[in-house]
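Hi everyone, thanks for making time. I'd like to walk you through one structure today, so let's get it on the screen.

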Amino acid sequence: MKSYTTEKIRNVILAGHSGSGKTSLAEALLFSTGAIDRLGRIDNGQTTTDYGPEEKKRRISINTAVAACEWNEHKINLVDTPGYADFIGEVISAKRAVDGGIIVVDAVGGVQVQTEKAWSLMEDNNYPRMFFVNRLDKENADFDKILTDLQAYFGKTVAALQLPIGKEADFNGIIDILEDKAYTFASDKMIETSIPSELQDKLNTYREQLMEAIAESDDNLLENYFDNGELSTNEMIAGIKKAVHENKLAPVLCGSALNNVGSTELLKEIIRCLPSPRYRGDIVGNDPDNKDKRIFRQPDAGSDMSAFVFKSISDPYVGKLNLVRVFSGTLRADSHIFNYSHDKKERVSHLYYMMGKEQLETKEITAGDIGAIPKLTVTNTGDTLADSDGPIIFPVIDLPEPLVALAIKPKAKSDDEKIGSSLHKLTEEDRTLSFRRNPVTHENILSGLGFLHLEIILDRLARRFGLEVETSAPKIAYRESIKRKVKVQGRYKKQTGGRGQFGDVWIELEPLPRGEGFEFVDKIFGGAVPKNYIPAVEKGIRESMEKGVFTHYPTVDFRVTLVDGSYHPVDSSEMAFKIAGSLAFKKAVMEAKPYLLEPIYNIEVIVPDANTGDVMGDLSGKRGKIIGIEPLVGKELIKAKVPLGEIAKYSTELRSITGGRGSYSISFSHYDELPADAAQ
């Protein structure tokens, strides 16, 4: 594959709800451009961009994949992304590599949760976008209804650019509204034909809507439209590019990816309507030594080289591959570059363009293009690469925090040490995944964006590293505390012949305000306990408080005052006083009305207006305390405090209540007393 100038490159994300046909569309576009010689299908596991074992097994996209193709002297990098909410991190990361997008919509299912999410993600960065209404050959497919729904959800900027010929099983062609031409599919290609008379009225209506949308995007066109009552075809063709680039128009195209109807027309509109990297303007980063200082790079081959790693993957044959978007300059093979995220020099031995899992070697990747670098030492997702004499660092990817957790342990004890290093490699690839050891419950906790996400990670763990694990719900890290002040004695005496062991202490145990932790006070007078033994008393108490007394959770928020004791000049030792301190503490806790504290979390839930009452009621039923509600556009932000033990499966529950349209984030707030019935 040859190198292209920045103006001739299009980087396009395919986004939308799962099952809308993004991967099939990518396959149709690759086939139509000659990048592949046969049309693969998801059902037989032969598509270019769904190549992973988990994807073939489940027949869904799990990972972002890049496939490059050439069409009409342009290069198009297709970035195929998953449609399940559990893998939204893949979409967010991929968005950093592109300049525009195609939101794929199922002609039967219509506007779904991830359709809205895809629009929202592109809206956040003002990315030009278009819709592709797919699967028009299916039963109950209805283009007119889908168009009406798209306009209802996303506003007047949505306008049809194409019109289907035929319906359901009879769908076999497309009318180009802009150019007033019709094409039907025959002998594996689209052939220009006459416009069916029965569609002429609908065509006129949709053409008027498109004309108005284009006119409203430009003052001069609007003036011409008012003066003449219409725009010419040439004016519309010239105007549509500017309108889409400036996000004043989201055109709607249509077809059937599985039958390869509409792909060549879509390729034409990708080149015409979606912007090149140069159109997106200067790239903004920061000075690595002064994060407040902004640095601008022009997206052309002559600038200093800068690139961003939007995904890291492990290839079984090549090793680790870093997928990069070159923002400026030219990245060359057999060169040295600098990783400004880790302040390390890296050696670039080879460079590749990507065709799904296949790598096509190239000597250079120019500004605006997407490629892959193998075998970098420290580089991972989110890192900035640049010339050593052209320092710059780009913002990290803002990914959602993991919300669902599992406790895991290897089935084979011999794998205890292996599990940490294996999961570390997986978290380098997937930044929405986290792995940690809970010091309180002594469990290995694996967290992700959903249970399907975690299930796939465990499959990957078994397949790549041979690690089989057992899973369970994580234990809640409760705490113990006390309610009243007590004074007790701890006495340890052991005589077994020869030198014995003797330690004797009196302590006062009293509660402290919530969050104060632990305080040890020495009030020994007259040498009742020698000074060299007092640290041992504190050590015995500290060890016991970490293990807990009546439920084996750490004890918190109390003061211990050492007030008296006695010793033996021969038999006393540090060990004896450590044990005496521990015995005193355990006895005191049981007399001081111990109780359990539970972790309380801040939760922020964004829900559609229609679901606000249901979600608030559900949170209240979880012993949650509603803090406030803030209005958003078409949605509400509910803020509350809820016990962690009540929201372990909240991801699934919220999805059920809101039809998948709700989202939430949590953060630790404080500990509070666990009600007696729950504690029991």
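I'll talk about a sheet, then a helix beside it, then the cavities. Please keep in mind that this is a predicted model.

Let's begin with the sheet. Four strands make up an open sheet, and reading across, the order is β25-β26-β24-β27. The pairing here is antiparallel. At the edges sit β25, residues 434-438, and β27, residues 469-472, and each of these pairs on one side only. On average, neighbouring strands of this sheet are turned by 35 degrees against each other, ignoring direction.

Now look at one pair in detail. β24 covers residues 404-410, and its antiparallel pairing with β27 runs over 4 bridges.

How many cavities of 30 Å³ or more does a search of the whole structure find? The search gives 5. The largest cavity has a volume of about 100 Å³. It is lined by 13 residues, and the closest to its centre are G89, E90, S93, T381 and E429.

Which element gives the largest share of that lining? It's α3, with 4 residues. Two elements give two or more residues to the lining: α3, spanning 88-95, and β14, spanning 306-315.

Definitions and conventions: Residues numbered from 1 in each chain as written. Predicted model: local features only at pLDDT ≥ 70, side-chain atom pairs only at ≥ 80, totals over all residues. Heavy atoms only, no water. Pairing = 2+ DSSP bridges. Axes fitted to C-alpha atoms, helices over the stretch in contact; angles between N-to-C directions. 1 Å grid on protein atoms, 1.4 Å probe; cavity = no way out; pocket = protein on both sides within 12 Å on 5 of 7 lines; lining within 4 Å. Points joined across faces, edges and corners; volume = space filled by probe spheres on them.
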